[in-house]
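Open the model in your viewer and keep the sequence panel beside it. We will go from stop to stop, selecting as we go.

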Amino acid sequence: MTPSPKPKTIAVALTGASGACYGLRLIDCLLSAGARVYLLVSQAGQVVLKMESGLDVPARPAEAERFFTEHFNAQSGQLRVFGRQEWTAPVASGSNPPDAMVICPCTAGTLGRIAAGLSGSLIERAADVALKERRKLILVVRETPFTTIHLENMLRLAQAGAVIMPANPGFYRNPTSLDDIVDFMVARILDHLEIPHELMDRWGSLDPDQPRLV
């Protein structure tokens, strides 16, 4: 009997950029796909969650873990929340890294600190570990316009192996709701994580009855 494949472990960090809906939808989809999620929320990210999603997340990691587990209806132990300075967390060491990490949304400040190799918080340290261990690191940057400094930081991280994925949803599927727009972006993230999903049709898989350009 072939053993079942081990579920992927994905670290997800929510920082203080606008776009908390992207991160929340991503977590929901990862859990639904059977992945294990290590969740890290910055102080500013906690504020944005309250402003944009109405979620009053507890400050203590254990309480936040219970809060998110109930919010997403996750299985016991499927979602873990770590504190901002919890240096004993698995993500803090290359001896036990997650399969991948996504910072969604990612502030320009977080981007810059990771590009500089700084690890003043667990989010930054976890990103540094992902890079040095050659694990996938996806940065969903949410800022506009970009300064030269932002662009140079993105180039530096791309050269180090990170995937720079600004929150730029496409509109060629004619979205009819905010959920459609969010799902487009989350689908692209899941594709890079190699997590199966049915959030959107694939390019080229048009309805046979849909008119084609000739």
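Is Lys 132 buried, partly exposed or exposed? Select Lys 132: at 42% relative accessibility, it counts as partly exposed. Buried means under 20% relative accessible area, exposed means over 50%, and partly exposed lies in between (1.4 Å probe, protein chains only).

Before going on, note that this is a predicted model: local features need pLDDT of at least 70, side-chain atom pairs count only at pLDDT 80 or more, and totals for chains, interfaces and linings use all residues. Residues are numbered from 1 along each chain as its sequence is written, and side-chain values use heavy atoms, with hydrogens and water left out.

**Stop 1: a pair at Lys 132**

Lys 132 forms a salt bridge with Glu 133, and their closest N and O atoms are 2.7 Å apart. A salt bridge here is a side-chain nitrogen of Lys or Arg within 4 Å of a carboxyl oxygen of Asp or Glu. Side chains of opposite charge can pair when their charged atoms come close. Glu 133 is partly exposed, with a relative accessible area of 29%. By this rule the count comes to eight salt bridges.

**Stop 2: inside helix α5**

Select residues 122–132, which make up helix α5. Helices (H or I, at least four residues) and strands (E, at least two) are DSSP runs, numbered from the N terminus. Now pick out Asp 128 and Arg 125. Both lie in α5, three residues apart, about one turn of the helix. Asp 128 is partly exposed at 23%. Arg 125 is partly exposed too, at 22%.

**Stop 3**

Which residue forms a salt bridge with Lys 8? Select Glu 194: the closest N and O atoms of this pair are 3.9 Å apart. The two residues are 186 apart in the chain, with Glu 194 in the segment after α7 (178–193) and Lys 8 in the segment before β1. Glu 194 is exposed, at 63% relative accessibility. Lys 8 is partly exposed, at 28%.

Then select Arg 25, Asp 28 and Asp 183. A network of salt bridges links them.

**Stop 4: strand β1**

Select residues 9–14. This is strand β1, and six of its six residues are buried, so the strand is largely enclosed by the rest of the structure. Turn on the side chains. Thr 9, Ala 11 and Ala 13 point one way, while Ile 10, Val 12 and Leu 14 point the other way.

Next, show the neighbours of β1. Two strands pair if DSSP finds at least two bridges between them. Six bridges join β1 to β2, and these strands run parallel. The chain crosses from β1 through helix α1 (residues 20–32) to β2, and this β-α-β crossover is right-handed. That means that, with the strands pointing away from the viewer, the path from the first strand over the helix to the second runs clockwise. Look for Val 12, whose bridge partner in β2 is Leu 39.

Strand β4 (residues 100–106) also runs parallel to β1, joined by four bridges. Ala 13 stands opposite Ile 103 in β4.

**Stop 5: Ser 42**

Where is Ser 42? It sits in the loop between β2 (36–41) and α2 (43–53). Ser 42 is buried, with a relative accessible area of 15%. Leaving aside neighbours within four places in sequence, Ser 42 is in contact (heavy atoms within 4.5 Å) with Leu 14, Thr 15, Gly 16, Arg 84 and Ile 123.
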